[in-house]
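Here are my notes on this one, point by point. Have the coordinates open while you read.

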Amino acid sequence: MNDRIWVLAKRELAAFFYSPIAYVVAAVFLAVSGIFFAGDVFVPGREAQMRDLFDRQAFMLVFILPMLTMRILAEEFRAGTIESLMTAPVRDYEVIVGKFLGTWFFFAAMLVPTLIYAGMVKGYGQADLGPIVTGYFGLLLLGGLYISVGTLTSSLTKNQVVSAVLAFLVLSIFTFLLWGITNRVTGTWQTVLRTLNVYERFGDFSRGLLDPRHVVFFITVTVGTLFVAVKVLESRRWR
Amino acid sequence: MIQVKNLTKRYGSVLAVDNISFSIEKGQIVGFLGPNGAGKTTTLRILTCFMPATAGGASVAGYDVFGESFQVRQKVGYLPESVPLYMEMRVNEYLNFRGQLRGLERQTLKNRINYVVERCWLADVIKRPISQISKGFRQRLGLADALLHDPDVLILDEPTVGLDPTQIRATRELIKELGKRHTIFLSSHILPEVEAICHRTIIIAGGKIVASGSPEELRERICEHSRLIVELKGPKDLIEKSICALEPVRAVEVLSSNGYVKFAVQVSPKSDVREQISYLAMKNNWLMREMRLEVASLEDFFVRVVAEQEETRKEG
């Protein structure tokens, strides 16, 4: 990989470990995951699976990932560090991709402790490994998509709160609203909404289905969103 | 090394930089002087490719700032006015990050960090988080960052702001010495500073270049506007008339008269009437309490130059 992207991603990841918000976000995510796991998943007599946990984690990401991404560019604009960053020899796409990857690595690190749950379900309940692996894969893809949206909204403002709320709004529409209305409309509209319905697509992963169309969809939308973010950052040079 | 041609920058309806042109030779230290809001930072930001010009163009180290911005940024070391730094990082982490971002080899980077840490007196704070070091150290860290990749051109926006007098002196010495290896373009609003370090000064006010030249040339232009303050005891009208009669005197203004009469005397350029006035006083038995040369401040100079500009614009 491009060295500069790597350097930027490393800095971004390190910045999370200095940020109290990132710790709070990770703690809340893990605590709530733990509650769901203990209350609904790891219950005697129930089927040994992680699906219920994955579905709820996907739901939580809509709230949690905007709080991670809100800082990444908005704070650079607010503190003025964007000036030393953009006057160094770096390309705009390297800045965006570096920041995206740094955040995504932090998110992935956040998922690592939940592997204990997977181990417990597997160890005590002889759960199928397949759905667990596809579930984690789906979470990483879904998280990537959400983080790309957060990166874009963070590039639009110097106010972290605005950035987080914007990301939350966009993600809610794609996740909750589409999920709620897809089956209430018919015809072409249903096809369109079903295409964009990320929560339903994620559902296949957590059920153990590895559909290449979903993989392509998540990666395409993520890359496309990042591309728009690059253009937004670039426009600062033209304005 | 730096060429600026008909550069104009507009923020909405505000004209920040108005059609300026200048060039800077290799190896020169050039000061960019002007009051706040004159367009200094805007010009420097255009030169460092942080923002585009509305019209006109510029090139740095032979590369166009718009079309070849990446190459320009490789050649330039830039210290922004606000010295933006990542507060959560430690000093050595920050320098490492910046060096890696610029693609310096591991060993080169190590050597360069040692060099800039020594040159910018950062050794004491090398392991401290940036959020905990003083403004003076941050300023020097910003300078160290600008120097890290041994750039051909250094662009420094107000490099001594926020430093204490000892540090200011040390920083000026450092800049002077750096001038032997790098081309330096620095902005300031302090005349003595620019006089002390620069080979040449460009003065900007209201987005236009109003004067440019060596410090001596500028000093002379400013001194044209200085006046002599004299306080004498004697008949006001007579004193005024006799001083007016002196050859180089252009104008006399009475500032106050209670017992002693205080005058402000304006003379034509490069002439000195102090001897003549003291002779007059002696001859007429006027007691003298004060006589001093009031050198116009840079601020006065700006005000005057800007006002002159306005007038010519109206006439034109």
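**Notes on the chain B sheets and the A/B contact**

1. Let's start with one pair: Ala251(B) stands opposite Gln266(B), which sits in E13(B). Strand E12 and strand E13 (260-267) of chain B run antiparallel and are joined by 8 bridges. Strands here are DSSP runs (E, at least two residues), as are helices (H or I, at least four), numbered from the N terminus; two strands count as paired if DSSP finds at least two bridges between them.

2. Before going on, a caveat: this is a predicted model, where local features need pLDDT of at least 70 and side-chain atom pairs count only at pLDDT 80 or more, while totals for chains, interfaces and linings use all residues. Residues are numbered from 1 along each chain as its sequence is written, chains are lettered from A and ligands numbered from 1 in the order written, and side-chain values use heavy atoms, leaving out hydrogens and water.

3. The sheet around that pair is open, with 4 strands of chain B in the order E12-E13-E11-E14 and antiparallel pairing. E12 (249-258) and E14 (287-294) of chain B each have a single partner strand, so one side of each is left without a neighbour in the sheet. From one strand to the next the twist averages 15°.

4. Two helices pack here. Helix H9 (236-245) of chain B touches E11 (227-233), E12 and E13 of chain B, its direction making about 160° with that of E12(B). Helix H10 (274-284) of chain B lies across E11, E13 and E14 of chain B, at about 170° to E14(B). Contact means heavy atoms within 4.5 Å; axes are lines fitted to C-alpha atoms (for helices, over the stretch in contact), with angles from 0 to 180 degrees between N-to-C directions.

5. Chain B has another open sheet of 4 strands, ordered E2-E1-E4-E5 and paired antiparallel. Its edge strands are E2 (14-24) and E5 (63-64) of chain B. Val60(B) stands opposite Tyr63(B) in E5(B).

6. Now the interface: 25 residues from chain A meet 26 residues from chain B. The buried area is about 2500 Å², with 60% from carbon and sulfur atoms (accessible area, 1.4 Å probe, lost on putting the two parts together, summed over both). Arg11(A), Glu83(A) and Pro89(A) supply 28% of what chain A buries against chain B, more than any other three residues.

7. How many salt bridges cross it? The rule (side-chain nitrogen of Lys or Arg within 4 Å of a carboxyl oxygen of Asp or Glu) finds 2. Glu83(A) forms one with Arg45(B), the closest N and O atoms being 2.8 Å apart.
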